[in-house]
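Here is a short note for a colleague opening this model. Please read the points with the structure in view.

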Amino acid sequence: MTAPTDPSPAGLLARLDSEWEHLVRSRATAAVLRRWGIQEPELAGWTDLEQLRSAVHHRADPARADRLLAALVRLAAVDGQDDRLAARTVLQLLVPGAVRLARSLIPYAGDNATALGLVFTELAIGIRTYPWRRRPHHVAANLLLDCRQRLSRRFQRLRRETPVGLEVDDRRTDAAGTEHAESTLALRDLLAWAHRRGILDEFEARLLVANHVQDIPLDRLAIQLGRSRSRLFAARAAAHRRLRHALTSAADGPGSARGRA
């Protein structure tokens with residue numbers, strides 16, 4: 001059995017699969033699936049998470065798979081039903097695409113384990129902040145493409161460090177700029193929630209806001225904060241792990257939605 005602390009790609013995937021098997025077998029999950037069927041008619045009649053995953057991965061009917069994913073994302077989003085089991089389910093359904101995406105990012109991330117960890121962190125955030133009202137179709141493709149774009153921008157920033165100021169120019173007028181502004185606002189709100197809940201301490205919350213929302217590279221943050229680059233990388237990685245777990249964990253009971261803080 002893979003050790004819980006195994007940092008390898010196989011370790012991360014094994015933990016996800018083990019947790020998934022537990023959720024599939026859980027008696028509480030069946031009750032959640034019945035509730036999902038009431039909230040989302042597209043999910044009516046499903047009594048088993050594994051069957052639901054098989055349906056989404058069935059290539060003969062991509063339209064049906066997209067409808068199922070769209071229903072799950074509406075349940076999972078923090079501005080939807082705020083359902084963590086739904087978020088965890090979507091994450092599991094995206095594992096094949098996430099693995100392929102991580103492999104393509106190895107030249108930038110350095111190794112597969114780092115790339116996979118970054119991809120799953122970004123996907124967990126993307127699922128919970130997905131703009132389901134505005135983008136109701138092609139959900140899997142949108143989530144994976146958004147993840148790739150965010151990580152690609154981050155890697156590009158690291159490659160081209162320039163001595164510019166730390167002020168952020170948010171003046172954008174095109175549709176892409178509006179979408180970016182909406183997603184960064186959702187991410188800022190999510191990080192504020194994580195800080196209030198004690199998932200992130202104040203330093204970690206500020207670090208992730210600066211790095212992910214304000215797009216400030218860690219190299220510049222290290223200079224600004226007077227801390228080593230390696231320490232900031234370690235702090236970010238630890239914060240990512242806790243945030244990813246909090247966003248997708250069913251520890252409070254499958255499907256239990258957290259209260260608004």
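**Notes on the predicted model**

1. Surface. The chain exposes about 13400 Å². Carbon and sulfur atoms supply 53% of that area. Please keep in mind that this is a predicted model.

2. Fold. The chain has 12 helices and 0 strands. Along the sequence the pattern reads α-α-α-α-α-α-α-α-α-α-α-α.

3. Burial and contacts. The chain has 261 residues, and 46% of them are buried. Take the contacts between residues at least 6 apart in sequence: 69% of these join residues at least 24 apart.

4. Rings. How many aromatic pairs does the count come to? The answer is 0.

5. Salt bridges. The structure holds 12 of them. Three are described below, including a pair within helix α3.

6. Arg53 and Glu50. The closest N and O atoms of this salt bridge are 2.9 Å apart. Both residues lie in helix α3, which covers residues 49-56. They are 3 residues apart, about one turn of the helix. Is Arg53 buried or exposed? Arg53 counts as buried, because its relative accessibility is 18% and the cut-off for buried is under 20%. Glu50 has a relative accessible area of 24%, so it is partly exposed.

7. Arg133 and Asp79. Here the closest N and O atoms of the salt bridge are 3.2 Å apart. Arg133 sits in the loop between α7 (112-128) and α8 (139-159). Asp79 sits in the loop between α4 (62-76) and α5 (84-93). The pair therefore ties together parts that are 54 residues apart in sequence. Arg133 counts as exposed, because its relative accessibility is 56% and exposed means over 50%. Asp79 is partly exposed, with a relative accessible area of 38%.

8. Arg242 and Glu204. Their side chains meet in a salt bridge at 2.4 Å, N to O. Which helices hold the two residues? Arg242 lies in helix α12 (residues 229-248), and Glu204 lies in helix α10 (residues 202-213). So this pair ties together parts that are 38 residues apart in sequence. Glu204 counts as buried, at 10% relative accessibility. Arg242 is partly exposed, with a relative accessible area of 34%.

9. Where to look. For a pair between loops, go to Arg133 and Asp79. For a pair between helices, go to Arg242 in α12 and Glu204 in α10.

Definitions and conventions. Residues numbered from 1 in each chain as written. Predicted model: local features only at pLDDT ≥ 70, side-chain atom pairs only at ≥ 80, totals over all residues. Heavy atoms only, no water. Helix = DSSP H or I, 4+ residues; strand = E, 2+ residues; numbered from the N terminus. Buried < 20%, exposed > 50% of the residue type's maximum accessible area, 1.4 Å probe, protein only. Contact = heavy atoms within 4.5 Å. Areas by Shrake-Rupley, 256 points an atom, 1.4 Å probe, with all protein chains shown as cover. Phe/Tyr/Trp six-rings, centres within 6.5 Å; stacked < 30°, edge-to-face > 60°. Salt bridge = Lys/Arg side-chain N within 4 Å of Asp/Glu carboxyl O.
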